[in-house]
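Please read them with the structure open.

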Amino acid sequence: VMTTSTSLVETNTRKPKLLPCSHSVCLYCTIPPTLRCPLCREICPIPAGGVISFPAAFFINQLLDVMQRQRKDVVPSCSNHPSDQLLYCETCDLVFCEHCQTSVINKKCDEHTVVPLSIAIKRMSEIVVYRAKGRLRALDDAHVAVNREIVQLDGNVDKIVEQINTAIQEVSNLVENRRRVLIETVRVRRDEKRKVLKDQLEVIQDEKKKLQKELESCKMDIRSMARQLKDGAAEDNWQRKIIEPRENAFLRINTNSEQMLIDVEKNLNEFGKLYASNTFPGTSTIEVPTHMGIHVENTVTLITRDVDGKARKTGGDPVEVELELIALDSHLSTNRLADAYKKRAEEEMPVAFKYPTKCWWDEPTKRMFVLDSGNKRVRVLREDGDVITDVRNDEFKSGTVGMVYLGNEELVVLSWQQKMLSKLNTRGEILKAVQFSEFYQPTDVAVDSRGRFVIADKTKIFIFDANFKPVLSFPVRETKGAEVKCVGVGMDDDVIVGTTDELLLYDGAGKMMRRLNVSPPGTVMPKIGGRFNITTVTCDVTTGQIVVIFTDKKMDRTTIGVVSYKGDFLYSIEPGPHEKFMAPCGIFVHKNKAFVTDFERNTVRSYKYK
């Protein structure tokens with residue numbers, strides 16, 4: 001068919017022929033003894049002289065001649081061999097004729113990529129066209145971006161003009177208000193002086209009338225006249241009240257107008273300083289430290305440059321920062337995950353302890369209470385570690401494992417050996433004690449906002465009221481075979497329970513709410529039982545975060561975990577090689593720090609966890 005074979009008409013076998021149905025085909029496509037038109041499928045009889053006797057397709061021949069001439073005009077040819085195509089070496093970037101060039105370069109080109117010049121021109125034309133189209137698209141985008149900047153510039157100018165007008169109008173209002181206040185003050189003072197003088201004028205008129213009446217009547221006796229002549233004080237009083245003006249006309253305002261105008265002009269010149277920037281974002285760079293940590297302060301440096309790449313020496317550019325949280329792959333090992341989240345201990349309390357178990361912070365009195373069981377006492381400390389006093393009682397001899405501070409100089413301690421809950425004051429005097437027969441192996445005690453005591457037993461949670469009377473209890477059976485190790489109070493008096501397998505959250509009535517994840521997402525969990533042994537737990541009521549100490553039984557490593565109240569793992573805190581936990585059993589949070597007692601290390605350490 002001529003629509004598909006015109007580009008192949010190069011020899012006599014491809015000559016275009018016109019069929020009786022008026023369609024054109026090349027000579028190669030006419031196959032005897034019968035011929036069916038490839039377009040209309042009509043059977044065309046072959047003439048006696050054979051297929052070559054079909055008339056020539058003159059229109060197609062003319063079209064081919066035109067295309068051939070155009071091709072020769074576009075693709076240059078060798079002047080000595082016009083019928084042969086020139087060649088192009090892509091390696092040497094050289095155009096040459098295969099017949100007339102026999103130089104060394106041509107010999108080198110035999111080992112290179114050599115293509116006909118027409119193909120090279122076509123390839124390069126396509127590349128140039130592709131790049132040109134890409135630049136056209138870039139120019140269109142640039143046109144849109146520049147127009148956007150113009151619109152934003154006009155919008156910023158309108159906003160600035162509005163701000164200027166508003167600020168100047170406010171200044172004008174202040175000036176006008178001050179003018180009115182000053183004028184009103186002057187007029188009020190004038191009216192006050194004027195009233196005094198007007199009153200004096202009335203007194204003068206009354207005195208004149210009185211004297212004129214006395215003169216006209218001449219009834220003043222001789223003794224009255226003698227008394228008036230002798231009364232000098234009355235004469236002075238009369239002079240002061242009537243003759244001399246009681247008020248003066250002096251009024252003056254200290255405007256200090258020259259200095260005021262200087263100050264106003266200075267302030268106006270300093271007002272409304274215009275900032276502009278020639279920062280070009282495309283040439284600006286950010287320097288990021290090689291190592292960065294999470295939940296700690298990190299610093300990156302933004303270096304701004306202009307369109308010529310010159311670093312700017314002044315700042316003030318508005319900067320928008322987008323932070324992207326990159327989740328760690330689930331296939332990472334637990335060790336690498338811990339390394340990614342770890343932080344180190346900050347300081348150790350400079351106080352001697354022996355087997356410290358529980359600790360407590362009282363915010364109103366700024367005191368720390370540490371149950372120092374080995375020394376059979378509760379140490380009361382300041383925040384810096386200075387010892388205030390020691391609370392001693394024989395009750396501490398009987399395996400005391402829990403302690404809370406109630407305020408009003410009262411403590412409550414829990415003994416697992418005697419299964420006893422005791423209240424005592426800071427002088428060591430027992431105020432109340434109760435033994436509960438249902439206790440099996442109590443391990444921890446906490447107090448909620450209603451003054452109720454939440455006690456962790458081996459497989460149960462008991463709740464007592466402020467008078468040590470049992471209110472309710474509920475079993476902890478979410479994981480078969482797990483034992484309750486610790487307890488804490490959460491938001492709205494929820495109960496946080498730590499077991500030998502996992503961390504659980506109950507409401508104040510003992511209804512299971514949810515499990516709390518103490519490990520990063522993707523951590524491999526055993527099919528039976530749990531992986532994490534919860535040692536001690538507390539809740540930061542200011543943020544709702546739960547801070548827990550747990551041991552990874554698979555890795556045999558103890559760390560501090562921070563969990564959101566919804567149960568999502570946030571991050572963990574791993575001590576350094578020489579600060580590893582041995583037997584942590586008490587924790588409280590204060591000023592972005594977690595204070596931890598270690599039973600075997602005999603220490604109380606603080607860790608920064610925010």
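1. Cysteines. The sulfur of Cys585 lies 8.3 Å from the closest cysteine sulfur, that of Cys359, which is too far for a bond; a disulfide is taken here as a pair of cysteine sulfur atoms within 2.5 Å. The structure holds zero disulfides. Cys585 is buried at a relative accessible area of 16%, and Cys539 is buried too, at 9%. Buried stands for under 20% relative accessible area, exposed for over 50%, and partly exposed for what lies in between, with a 1.4 Å probe and protein chains only.

2. Basis of the values. This is a predicted model, in which local features need pLDDT of at least 70 and side-chain atom pairs count only at pLDDT 80 or more, while totals for chains, interfaces and linings use all residues. Residues are numbered from 1 along each chain as its sequence is written, and side-chain values use heavy atoms, with hydrogens and water left out.

3. Sheet E15 to E18. Four strands make an open sheet in the order E15-E16-E17-E18, with antiparallel pairing. Its edge strands, E15 and E18 (430–435), each pair on one side only. On average, neighbouring strands of this sheet are turned by 15° against each other, direction ignored; the axes are lines fitted to C-alpha atoms, for helices over the stretch in contact, and angles run from 0 to 180 degrees between N-to-C directions. Strands are DSSP runs of E with at least two residues, helices are runs of H or I with at least four, and both are numbered from the N terminus. Two strands count as paired if DSSP finds at least two bridges between them.

4. E17 (residues 420–425) pairs with E18 in the antiparallel sense over five bridges. Met420 has Gln435 of E18 as its bridge partner, and Leu421 stands opposite Val434 in E18. The two strands E17 and E18 form a hairpin with four residues between them, and Gly428 in the turn has a positive phi of about 90°.

5. Which backbone angle of Asn408 is positive although the residue is not a glycine? Phi is, at about 55°. Asn408 sits in the loop between E15 (400–407) and E16 (410–415) and is exposed, at 72% relative accessibility. Tyr355, also a residue other than glycine, has a positive phi near 55°. Tyr355 belongs to the loop between E10 (345–348) and E11 (356–362) and is partly exposed, with a relative accessible area of 38%.

6. Nonpolar surface patch. Ile160, Ile164, Ile168, Met260, Leu261, Val264, Leu268, Phe271 and Leu274 form a nonpolar patch on the surface, with about 800 Å² of accessible area together. Helices H4 (117–217) and H7 (257–270) are the elements that give two or more residues to this patch. H7 supplies the largest share, four residues. Phe271 is in the loop between H7 and strand E8 (285–287) and is partly exposed, at 39% relative accessible area. Patches are made of residues with over 30% relative accessible area and no salt bridge; like charges are joined within 9 Å, and nonpolar side chains (Val, Leu, Ile, Met, Phe, Trp, Tyr) within 5 Å. A salt bridge is a side-chain nitrogen of Lys or Arg within 4 Å of a carboxyl oxygen of Asp or Glu. Accessible areas come from the Shrake-Rupley method with a 1.4 Å probe, and for residues only the protein chains shown count as cover.

7. Asn517. Asn517 lies in the loop between E26 (512–516) and E27 (532–540) and is partly exposed, at 44%. The C-alpha atoms of Asn517 and Gly567 are separated by 5.6 Å, with the two residues 50 residues apart along the chain.
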